[in-house]
Amino acid sequence: MEDKSLQQGAVITFAAYLLWGIFPIYWKFLEHVPAGEVLAHRIVWSLIFMIFLVLVTGNWRELIETVHELKKDKKKTIAIITASIVISINWFLFIFSVQHGHVLQASLGYYINPLISILLAVFVLKEKTTKGQVLSFILAGIGVLYLTLSYGVFPWISLLLAITFGFYGLIKKTLHLHAMYGLTIETLVVAPIALLYLLFVPSEGSFTFSPLFTSDNLLLIGTGGVTAIPLLLFAAGAKRIPLAMVGFLQYVAPTIMFFLGVFLYNETFTVHHMITFALIWAALIIYMASIYRDAPRRKRRKA
């Protein structure tokens, strides 16, 4: 029974990362719509999708109770507001990068993300780090520095994507919110700003009420499901498998993005990019090896 749960968890988690990996294709269909407008629609339709899901699953009371608990604790209230803002910035950067032909930078960002998480764990949570993790971070830093100096382009999109998602993960780690309630509350927090944007900022006329079922309308409405479904799959799958397996599977998404950027969208990929990615990949191999090597030791400590 335990093996079956593990297999199911691995498949569900893989599906989540697979979706995250191929979704640049979805955002590319909306490249003619300004990134800010796409983000605003993504927030609003994600909230509508999540409220519908909460109602269908009969979890409305639990959501209300979660909101009340957050309101009683000022630190948690500030944390959820901060998480909402940080993930909105991350979403905007990702949409912007895909629309402007920077899928490779987005891929690099999500390769770097675990290494940013190491830094946050050490300096914020005061967790101990291994020699392998330190070496992996140094290699990744060399890779980013090399690309900046040799190619003359600072990968700001990559680093901002990694930093914002890293901070988002850190905040969520301290909040311990159910994925369904967390995403609902986060989108609820920023939805008023998104609605104001859609009402008062001149748009390209991409969303129309008459006719309603245009291709642009359906794509914008679909951003709610595109946002929520992989997150919920991840939440359902990740709790059934070891953390080390989650760590391994998380590289499915940026690897798919990497191939999309190079082979589907023909983005510039030079020797400098290859050296940078090689350093990042080496860093991640060392990072994953340190996780697997230390896993038995952590189990013995718990026992």
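Predicted model: local features only at pLDDT ≥ 70, side-chain atom pairs only at ≥ 80, totals over all residues.
**Figure 1. Overall fold and dimensions.** The chain contains 13 helices and zero strands. Its pattern along the sequence reads α-α-α-α-α-α-α-α-α-α-α-α-α. The C-alpha trace spans about 60 × 50 × 40 Å along the principal axes of the chain. The radius of gyration of the chain is 20 Å, which agrees with the value near 19 Å that a compact globule of 303 residues would have. Of the contacts between residues at least 6 apart in sequence, 86% join residues at least 24 apart.

**Figure 2. Charges of the chain.** The chain carries 23 positive and 14 negative charges. The mean position of the positive charges and that of the negative charges are 14 Å apart.

**Figure 3. Aromatic cluster.** The chain has 20 aromatic pairs, counted by ring centres within 6.5 Å. Ring pairs join Tyr111, Tyr251, Phe258, Phe259, Phe263, Phe269, Phe277 and Trp281 into a cluster. Two of the residues in this cluster, Phe269 and Phe277, are shown in the next view.

**Figure 4. The ring pair Phe269 and Phe277.** The ring centres of Phe269 and Phe277 are 6.0 Å apart. The planes of these two rings meet at 55 degrees, so the pair is classed as tilted, because planes under 30 degrees apart count as stacked and those over 60 as edge-to-face. Phe277 has a relative accessible area of 1% and is therefore buried, the limit for buried being under 20%. Phe269 has 25% relative accessibility and so counts as partly exposed.

Figure 5. Phe167 lies in helix H8, which covers residues 156-175. With a relative accessibility of 36%, Phe167 counts as partly exposed, because that class lies between the buried limit of 20% and the exposed limit of 50%. Apart from its neighbours within four places in sequence, Phe167 is in contact with Val86 and Leu120. Phe167 and Ser117 are separated by 50 residues in sequence, and their C-alpha atoms are 7.8 Å apart in space.

Key
Residues numbered from 1 in each chain as written. Heavy atoms only, no water. Helix = DSSP H or I, 4+ residues; strand = E, 2+ residues; numbered from the N terminus. Rg over C-alpha atoms; globule rule 2.2 N^0.38 Å. Contact = heavy atoms within 4.5 Å. Lys, Arg positive; Asp, Glu negative; His and termini not counted. Charge placed at Lys NZ, Arg CZ, Asp CG, Glu CD. Buried < 20%, exposed > 50% of the residue type's maximum accessible area, 1.4 Å probe, protein only.
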